[in-house]
Amino acid sequence: MNNYRFKDLPVCPDDPILELMVQAAADKNPHKVDLSAGVYKNDAGKTPILQAVQQAEVLRQQKEDTKSYLGLAGDLRFNSLVAEMVLGKGHPVFAEQRVCTLQTTGGSGAIRIAAELFKRIQRGARVWVGNPTWANHIPLLAAADLELLTYPYYRVGEAGVLFGEMMQALQAAEPGDLVLLQGSCHNPCGEDMTHDQWRQLADLLVERRLVPLVDAAYHGLAEPMDQDAFGWRHLASRVPEMLIAWSGSKNFSLYRDRAGALIAIAATPERTKAVMTNLMNISRVVYSVPPAHGAALVAEILADEQLHTIWQDELLTMRERIIGVRERFADELAAASACDRFEFVRHQKGMFSFMPLSSEQAQALRREHSVYLLDSGRINVAGITASSAEYVATAIARVI
Ligand code: LMR
């Protein structure tokens, strides 16, 4: 009996995000509101399959003629269409042959592969992450034994990025350190850098020879695609080396189909080729080849003018709904709390904002009101509907 190995395994804590989503689904309270995982919902509280995706699925069913493996790079058509969309077709890095793309299992898969790449370059390589950042960034990077350091990014209850503090902290970074940044719709705080701040940051990255890893999981959900891409496109035109972890989960609403990409930019065409061989080699030892379906749908939509237009219209609907919900929710919070301390919600971007709550207050909201938010106070604004905005705002005012 004693040599059974699993007996030595500790019990892992619940995932702070996905576990809450499961708990919310099991809650029988008819007034429950799930604001846990970052999943877009329409005003009926549903995460619909996009029309563009449905039409692409029909086309795919007609065209798909094999279930054989993809190559290690994944779907090559997807890779090139996504890279062009993310960087912009005419970006100089294409003509310079300094870009390569690996299809990944969602944006998380891209970050994990990026972390493994850095582990290959230097065991215990250093990576700077914002405080706060997406809860899963830390374990994804730590799993590759990278050394994590933090820079201040946002203070709960305030508006705006702590840009001065962030720049100051990054002065302590050493050449070759990786800096994790978020492209748009910052997760978890909803505060994005201004164009001018991206420019200043680019100067610092160049000067200190730091390597940006940009998490672009919400491309097109704050502003139209090209505007949302400003920050990372600007960095790509300044720095010699860079990584972008892109996700089609949110903007194509393809969450469970795991359509993602890791785009790498290197200093020369030769180094780019070497990076690509490493990315494929890492993919081989992590999960071998990526799944085909979600990436094929994205490729179908990006390659077809009509489907592309339908998708862009649907993305606009998502974006506008989130802006409308923020307005409505800020009004409800002001009315319920009789103060303006929640005004920041109105202008933040994308799905997330922090409610200034203690973890006990967040737990009370779940327990007493069936409002599911993270212990950190992060809410998924896109989970609020016209019929739940007042209920959620009143519940928050009560626990405070
Ligand atoms: C979130 O932050 O809620 C989403 O990105 C879902 C996840 O995987 O955590």
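Q: A polar contact is a pair of N or O atoms within 3.5 Å; within protein, one must be able to donate a hydrogen and the other to accept it, and residues adjacent in sequence count only if both atoms are side-chain atoms. How far is a polar side-chain atom of Trp-134 from an oxygen atom of the ligand?
A: This is a predicted model, where local features need pLDDT of at least 70, side-chain atom pairs count only at pLDDT 80 or more, and totals for chains, interfaces and linings use all residues. Residues are numbered from 1 along each chain as its sequence is written, and side-chain values use heavy atoms, with hydrogens and water left out. For Trp-134 and the ligand oxygen, the distance is 2.9 Å.

Q: What percentage of the area that the ligand exposes alone does the protein bury?
A: The side chain of Asn-187 has an N or O atom 2.9 Å from a ligand oxygen. For Arg-378, the corresponding distance is 2.8 Å. Taken alone, the ligand exposes 260 Å² (Shrake-Rupley method, 1.4 Å probe). The part buried by the protein is 83%.

Q: How many residues of the shell around the ligand are nonpolar?
A: Ile-17, Ala-37, Gly-38, Trp-134, Asn-187, Tyr-218, Lys-250 and Arg-378 surround the ligand (a heavy atom within 4 Å). Domain 1 (14–49 + 308–399) and domain 2 (69–303), with bounds from an automatic or database assignment, each supply at least three shell residues. Two of the shell residues are polar and two are charged. The nonpolar ones number four.

Q: Which strands are the edge strands of the open sheet?
A: Seven strands (DSSP runs of at least two residues) form this sheet in the order E2-E8-E7-E6-E5-E3-E4, with mixed pairing (at least two bridges between two strands). The twist from one strand to the next averages 25°. An edge strand pairs on one side only, as do E2 (99–105) and E4 (147–152).

Q: Which residue of E7 is the bridge partner of Ala-216?
A: Strands E6 (residues 211–216) and E7 (residues 242–247) pair in the parallel sense over four bridges. The bridge partner of Ala-216 in E7 is Trp-246.

Q: What is the omega of the cis peptide bond from Asn-187 to Pro-188?
A: Most peptide bonds are trans. The bond from Asn-131 to Pro-132 is cis, with omega near 5°. Pro-188 lies in the loop between strand E5 (178–182) and helix H8 (195–208), a helix being an H or I run of at least four residues. From Asn-187 to Pro-188, omega is near 20°.

Q: What is the phi of Ser-253?
A: Ser-253 sits in the loop between E7 and strand E8 (259–265). Although Ser-253 is not a glycine, its phi is positive, at about 50°.

Conventions
Nonpolar A, V, L, I, M, F, W, Y, C, P; charged D, E, K, R; others polar. Axes fitted to C-alpha atoms, helices over the stretch in contact; angles between N-to-C directions.
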